[in-house]
Amino acid sequence: MTADTQPPIPITIITGFLGSGKTTLILNLLPQLRAANPSYKLALLKNEFGDLAVDSQLASSSAIAGVSELLNGCICCNLVGQLSVALAELQETVRPDRIVIETSGSAFPATLALEVNRLARETGGKYVLDGVVSVIDVENWKGYEDTSYTARIQARYTDLIVFNKWEGAGERRFDECLDRVGDLEVDTAWVKSNKGWVGMDVVFGVDGGLAQGLTEEDAHVHDDKCGHGEEHKHDHQTEVEVLSIELKGKKEATVDVERLLAFLRNTSKEEVYRIKAVLAVSGKAELKNSDEDTPVSRPAGSEDKATRYILNWAFGRWTFTPVATEVKEHESSSEAILRMTMILARYESTKWKKKLEAGGLVELEGEEKGELSVTKVN
């Protein structure tokens, strides 16, 4: 088959507010795809807040055929011009059977869907938009839905809604969440995940007619129905604020785990939505996930040397995952003792910047406390 006769690559957009479980959903699709077809190639185009690639490094460790990152901006606004280049690179280097675009927590799916449809036309049918999937965190929806216009838009404009993290919230909270989504006056298919797991035939089998048929006029009408005009559309990133944190020290230095865990336990989920980090940890340090019944994975032979871990914190829960030794670490964190991104509610970054700079939250292990820099990115 020649390049000109290659079938179009289906593109699935997966969106959802911060910490809703988008990456977990994607990683749970991989073994299903491989079981059905061992040679299946799934590529991921990941948009991250701040200047640190975290979720994409997790994906690189999980048999995804190719990963491309768009950092420090929103894929539906200031980074939209890079979309065509990123898709073309994945197509040429990976030749994937499907591309999943995982947006940042602030992206507008309608704007992104329009751009994918435009690229599909301009490339002569190299791509086809298969559908838009929105992930809703049932446990925390009641908190952020009230304050975030973007969260409501993500739930309103979609082909499929995945209700995630409902198990710990209970059926009553789920029913309340379902009622609130119903208030958006949409008739959208939905499914409850099983701890982040949804069948691949459900996620990739949606009727993407809504996404494929969207026009510029439809998007403007949609925005007006929600009571917001173009000015708000381009200002939606101000719903959150982002801090970029780096801890420097000697090459063999590691992070003080005891202080870090206290910091994670005591951080308010009303003020901080996400914490993502890559860090070096002593082999003797007692790392703990928020669910202490789920032990942190320790690479073989790491007891006497520093090990690099990925930290993912969302709404008061966190996990540590070792950086796979066979995967080259992304340049945004490579060789850093700690690189961290904090995504906060509006007006919270100044206070948290002062807290961090005051010391005692993020430090090196031992007498030397290291050099900490905290920068407001957004």
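The following legends describe close-up views of a predicted model.

**View 1. Strand S10 and its pairing with strand S9.** Strand S10 spans residues 307-314 and is mostly covered, with seven of its eight residues buried. Its pairing with strand S9, residues 272-281, is antiparallel and comprises eight bridges. Within this pairing, Lys-276 has Asn-312 of S10 as its bridge partner.

**View 2. The hairpin of strands S10 and S11.** Strand S11, residues 317-322, runs antiparallel to S10 and is joined to S10 by six bridges. One of the residue pairs to locate here is Leu-311 with its bridge partner in S11, Phe-320. Two residues lie between the strands of this hairpin, and Phe-315 in the turn adopts a positive phi of about 50°. In a regular strand, side chains alternate between the two faces of the sheet.

View 3. The structure holds five aromatic pairs.

**View 4. The aromatic pair of Phe-263 and Trp-352.** The ring centres of Phe-263 and Trp-352 are 6.2 Å apart and the planes stand at 55°, so the pair is classed as tilted. Phe-263 lies in helix H12 (residues 257-266) and Trp-352 in helix H13 (residues 349-357); the contact therefore ties together parts that are 89 residues apart in sequence. Both Phe-263 and Trp-352 are buried. On the Trp-352 side, the charged end of Lys-355 sits over the ring of Trp-352, at 4.1 Å from its centre.

**View 5. The aromatic cluster around Phe-174.** Phe-163, Phe-174 and Trp-190 are linked into a cluster by ring pairs. A charged group also takes part in this view: the charged end of Lys-192 sits over the ring of Phe-174, 4.4 Å from the ring centre.

How values were computed:
Residues numbered from 1 in each chain as written. Predicted model: local features only at pLDDT ≥ 70, side-chain atom pairs only at ≥ 80, totals over all residues. Heavy atoms only, no water. Buried < 20%, exposed > 50% of the residue type's maximum accessible area, 1.4 Å probe, protein only. Helix = DSSP H or I, 4+ residues; strand = E, 2+ residues; numbered from the N terminus. Pairing = 2+ DSSP bridges. Phe/Tyr/Trp six-rings, centres within 6.5 Å; stacked < 30°, edge-to-face > 60°. Lys NZ or Arg CZ within 6 Å of the ring centre and 35° of its normal.
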